[in-house]
Amino acid sequence: TLIMSYCKHCGQKLSEDSNFCPNCGTPNEIKEEKGGEQTPKNDTQPVIDAVEQFKKLNDTEDSTSQYDASDIENNKVYAVLSYIGFLFIIPLIAGSNSNFAKFHANQGLVLFLVELVYGLASSIVKTVFYAMGIGSIPVLLNLVNLLFFVLVVIGIINAASGKAKELPVIGQIKILK
């Protein structure tokens, strides 16, 4: 049987075999017939897959139970500051007796150093590409900055919620003890 539907954009009547609306060109969301019912295409699956991949990536060690609850509560602000550029130094000075603040200061320091090294390396690569007249490839290098931003947000959320959870990818690196 032929399933009839309507375009979600303009309301034009569509048939199952049309991939696009003949009136406005919007893709037809009817995928297949099952028991006479229409099954819409699952356009959200790539987003769901990306969220699942992010959850796996963010499934890092949580050592919150190793820290005193009052230490966590009293030093959350210092821990949050650890992820804002070179401000990781504040918890080292002002929160020097807090193991919770030191944990986050280490995470912030590692992130800062990785960002610094990446920034220098990408500047060199960008300079070389611009000198060669290739301007589009360095734009791709800027996408890594989005990853750094995501790591900053994850760190701030963990610190503000009182968790001593490692950052994805770089969290296992220990510089401060």
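Which helix is Ala159 found in? I looked this up and found Ala159 in helix α7, residues 143-160. Helices here are DSSP runs of H or I with at least four residues, strands are runs of E with at least two, and both are numbered from the N terminus.

**Basis.** I am working from a predicted model, in which local features need pLDDT of at least 70 and side-chain atom pairs count only at pLDDT 80 or more, while totals for chains, interfaces and linings use all residues. Residues are numbered from 1 along each chain as its sequence is written, and side-chain values use heavy atoms, with hydrogens and water left out.

**Ala159.** I noted a relative accessible area of 0% for Ala159, so Ala159 is buried. Buried stands for under 20% relative accessible area, exposed for over 50%, and partly exposed for what lies in between, with a 1.4 Å probe and protein chains only. I then listed the contacts of Ala159, leaving aside neighbours within four places in sequence: Lys76, Ala79, Val80, Tyr83, Phe100 and His104. Contact means heavy atoms within 4.5 Å. I also checked Ala101, which is 58 residues from Ala159 along the chain; their C-alpha atoms are separated by 8.7 Å.

**Whole chain.** I counted 7 helices and 4 strands. Read from the N terminus, the order is β-β-β-β-α-α-α-α-α-α-α. The chain has 177 residues, and 32% of them count as buried. Of the contacts with a separation of 6 or more, 51% are between residues 24 or more positions apart. I have the accessible surface at about 11200 Å², with 62% of it belonging to carbon and sulfur atoms. Areas come from the Shrake-Rupley method with a 1.4 Å probe, and for residues only the protein chains shown count as cover.

**Helix α5.** Why does the span of α5 agree with its number of residues? I took residues 99-131, which are 33 residues; at 1.5 Å a residue they should span 48 Å, and the end C-alpha atoms are 48 Å apart, so the two agree. The expected span is 1.5 Å times one less than the number of residues. At the N-terminal end I found Ser98 as the cap, with a side-chain oxygen 3.4 Å from the backbone nitrogen of Phe100. After α5 comes Gly133, whose phi is positive, near 85 degrees.

**Gln107.** I placed Gln107 in α5. Gln107 is buried because its relative accessible area is 2%. A polar atom of the Gln107 side chain lies 3.0 Å from the backbone oxygen of Gly171. A polar contact is a pair of N or O atoms within 3.5 Å; within protein, one must be able to donate a hydrogen and the other to accept it, and residues adjacent in sequence count only if both atoms are side-chain atoms. Not counting residues up to four places away in sequence, I have Gln107 touching Tyr83, Lys165, Glu166, Leu167 and Gly171.

**Salt bridges.** How many salt bridges are there? I count 2. The rule asks for a side-chain nitrogen of Lys or Arg within 4 Å of a carboxyl oxygen of Asp or Glu. One joins Lys174 and Glu166, with the closest N and O atoms 3.2 Å apart. Lys174 is partly exposed at 46% relative accessible area, whereas Glu166 is buried at 8%. The side chains of Glu73 and Lys76 also meet in a salt bridge, at 3.4 Å from N to O. Glu73 counts as exposed, at 52% relative accessibility.

**Glu61.** I found Glu61 in the loop between α1 (45-57) and α2 (69-74). Glu61 counts as partly exposed, at 48% relative accessibility. Apart from residues up to four places away in sequence, Glu61 touches Ala164, Lys165 and Glu166. Gln172 is 111 residues from Glu61 along the chain, and I have their C-alpha atoms separated by 8.6 Å.

**Val169.** I located Val169 in the segment after α7. Its phi is near 70 degrees, a positive value in a residue other than glycine. Val169 counts as exposed, at 69% relative accessibility.

**Surface patch.** I noted a nonpolar patch formed by Leu113, Leu116, Leu120, Ile173 and Ile175, with about 430 Å² of accessible area together. Patches are made of residues with over 30% relative accessible area and no salt bridge, joining like charges within 9 Å and nonpolar side chains (Val, Leu, Ile, Met, Phe, Trp, Tyr) within 5 Å. Leu113 lies in α5 and is partly exposed, with a relative accessible area of 35%.
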